[in-house]
Amino acid sequence: MLDGKKVLFSGMQATGNLTLGNYLGALKNWVSIADDYETFYSVVDMHSITIRQDPAELRRRARTLLTLYIAAGLDPEKNCIYYQSHVSGHAELAWILNCFTYMGELNRMTQFKDKAAKHADNINAGLFTYPVLMAADILLYQADVVPVGIDQMQHLEITRDIAQRFNAIYGDVFTIPEVYLGKVGAKIMSLQDPARKMSKSDENPNGSIYLMDDPDTVIRKFKRAVTDSEACVRYCDEQPGIHNLIDIYCACTGRTPEETEKEFDGKGYGDFKMAVGEAVVGVLKPLQERFADLQKNKDYLDGIIKANAEKAQYVSNKTLRKVQKKIGFPERVR
C-alpha cells in the first residue's frame with residue numbers, strides 16, 4: 001500500500017490508435033477509480049518493440065497515448081502517468097525475474113504462440129519473455145490489483161507464480177497481485193464482426209471507432225455497422241450486431257438495455273444506428289477538444305512526463321533495491 005491506499009497498476013501499448021473499445025472498456029473506468037487507489041498508468045513502450053517499430057512513429061504514438069490518458073480525464077497530479085522506458089527498474093527487475101521463471105511456463109503462454117504465428121520472421125527472445133517484463137511492471141510497484149482482460153489473465157497468473165516463488169526463497173518481498181474486481185468497463189465488439197473485440201490492429205478500419213475519428217467518420221462507420229435481418233432493436237445473443245450497438249449506446253448515454261429497447265420500439269435500424277453514432281460523437285467531442293488543447297501546451301506535458309517519471313522511479317527503486325539486496329548484489333556506494 002501507498003499512503004494507506006491499495007496500489008493499482010495498468011498500462012497500454014504505444015502501438016496503433018486507441019479505439020472506442022479501449023476508452024469504454026478501460027480508460028473511462030480508470031478515471032472512475034482514480035480516487036480509490038494509488039495508481040500507476042504506464043505507456044508500455046518497451047513491450048511495443050517485440051514487433052519492429054518505426055522509431056519516429058513509436059515516439060509519436062507514445063506521446064499521443066500519454067496525452068489521451070490525460071484528455072480522457074486522468075489527473076496527472078493524482079495518477080502516476082509515465083513512459084515505461086523512462087524507468088530503468090522495469091528492465092532491471094525483468095532480468096532478475098527471468099532467472100526465476102521457467103522455460104516451460106513461458107512455452108505455455110498462448111499469446112506468444114499467437115504472436116509468433118503472426119510474425120514468423122521475427123520470433124525474438126523479447127516476444128518469448130514478454131510475460132516476465134509484464135510481471136516486473138506489476139511487481140515493481142507492489143501492485144495489489146491489476147485490471148486485465150481475459151487475454152491477459154495468463155500473464156497475471158505467471159506474475160503471481162513468479163512472485164510466490166521469489167517470496168518462498170527470500171521472504172515477503174513482493175505483494176501478490178489480484179485481478180481487479182471493481183466496476184468492469186463495457187466490452188465493445190467490432191462493428192464489422194461482432195464476434196471479435198474492437199481492436200487497434202483491426203485490418204478493416206470500418207470495424208473500429210478511433211478516438212480521433214471526426215463526427216462524419218463516426219456516423220459513416222455506424223451506418224455501415226453489421227446488424228441482421230430481424231429489423232428490430234432487441235438486446236439478445238441472437239442479434240450480436242444489435243447487442244453490440246446497444247452496449248455502446250448504453251455506455252455512452254447511461255441508459256439500460258431495457259430503456260433502449262423501449263426508446264427504439266417500432267423504429268428501424270437506420271434511426272438506431274444514427275442515434276448510436278450521435279451518442280458516440282457526443283462522448284468523443286470533449287475528449288478530442290481536451291486532447292487538442294494539451295497538444296498545444298508542450299511545456300505542460302513535458303513537465304508531467306518528467307515529474308511522473310521521477311515519482312515512478314522513486315517508488316520502483318524501493319522494490320528494486322530490496323530485491324537486489326535479497327539476491328546478493330553488492331550495495332551501491334552512495
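The expected span of a helix is 1.5 Å times one less than its number of residues. Keep that rule at hand for the first stop. One caution before you start: this is a predicted model.

**Stop 1: helix 9**

Select residues 153–170, which form helix 9. There are 18 residues here, so the helix should span 26 Å. The C-alpha atoms at its ends are 26 Å apart, in agreement with that expectation.

Now colour the buried residues of helix 9. They are His-155, Leu-156, Ile-158, Thr-159, Ile-162, Ala-163, Arg-165, Phe-166 and Asn-167. Keep the helix repeat in mind as you look at the numbering. An α-helix has 3.6 residues a turn, so residues three or four places apart point the same way.

Step past the end of the helix. What follows helix 9? Gly-171 does, and its phi is positive, near 100°.

**Stop 2: helix 8 against helix 9**

Two packed helices are described by the angle between their axes and the distance between the axes. For helix 8 and helix 9, the angle is about 70° and the axes are 9 Å apart. Angles of 65 to 115 degrees count as roughly perpendicular, so helix 8 and helix 9 are roughly perpendicular to each other. The crossing of helix 8 past helix 9 is right-handed.

Show the side chains at the contact. Helix 8 supplies Tyr-130, Pro-131, Met-134, Ala-135, Ile-138 and Leu-139. Helix 9 supplies His-155, Leu-156, Ile-158, Thr-159, Ile-162 and Ala-163. By class, this contact between helix 8 and helix 9 has ten nonpolar residues, two polar and no charged.

**Stop 3: Gln-142**

Is Gln-142 buried or exposed? Its relative accessibility is 17%, so Gln-142 counts as buried; the cut-off for buried is under 20%. Check the backbone too: phi of Gln-142 is near 55°, a positive value in a residue other than glycine.

**Stop 4: helix 4 against helix 14**

Select helix 4 (residues 89–98) and helix 14 (residues 298–327). Their axes lie 10 Å apart, at an angle of about 25°. Angles under 35 degrees count as roughly parallel, so helix 4 and helix 14 are roughly parallel to each other. Helix 4 passes helix 14 in a left-handed crossing.

Which residues make the contact? From helix 4, pick Gly-89, Glu-92, Leu-93 and Ile-96. From helix 14, pick Gln-313, Leu-320, Val-323, Gln-324 and Ile-327. The contact of helix 4 with helix 14 has five nonpolar residues, three polar and one charged.

**Stop 5: Ala-225**

Go to the loop between helix 10 (215–223) and helix 11 (240–253), and click on Ala-225. Ala-225 is buried, with a relative accessible area of 5%. Not counting residues up to four places away in sequence, Ala-225 touches Leu-191, Gln-192, Leu-245 and Lys-273. Now draw a distance from Ala-225 to Ile-123, 102 residues away along the chain: their C-alpha atoms are separated by 36 Å.

**Stop 6: Lys-267**

Finish in the loop between helix 12 (257–263) and helix 13 (269–296), where Lys-267 lies. Lys-267 counts as partly exposed, at 39% relative accessibility. Leaving aside neighbours within four places in sequence, Lys-267 is in contact with Ala-231 and Val-233.

Definitions and conventions:
Residues are numbered from 1 along each chain as its sequence is written. This is a predicted model: local features need pLDDT of at least 70, side-chain atom pairs count only at pLDDT 80 or more; totals for chains, interfaces and linings use all residues. Side-chain values use heavy atoms; hydrogens and water are left out. Helices (H or I, at least four residues) and strands (E, at least two) are DSSP runs, numbered from the N terminus. Buried means under 20% relative accessible area, exposed over 50%, partly exposed in between (1.4 Å probe, protein chains only). Axes are lines fitted to C-alpha atoms, for helices over the stretch in contact, and angles run from 0 to 180 degrees between N-to-C directions. Angles under 35 degrees count as roughly parallel, over 145 as roughly antiparallel, 65 to 115 as roughly perpendicular and the rest as oblique. A crossing is left-handed if the near helix is turned anticlockwise from the far one by less than a right angle, and right-handed if clockwise. Contact means heavy atoms within 4.5 Å. Ala, Val, Leu, Ile, Met, Phe, Trp, Tyr, Cys and Pro count as nonpolar, Asp, Glu, Lys and Arg as charged, and the others, Gly among them, as polar.
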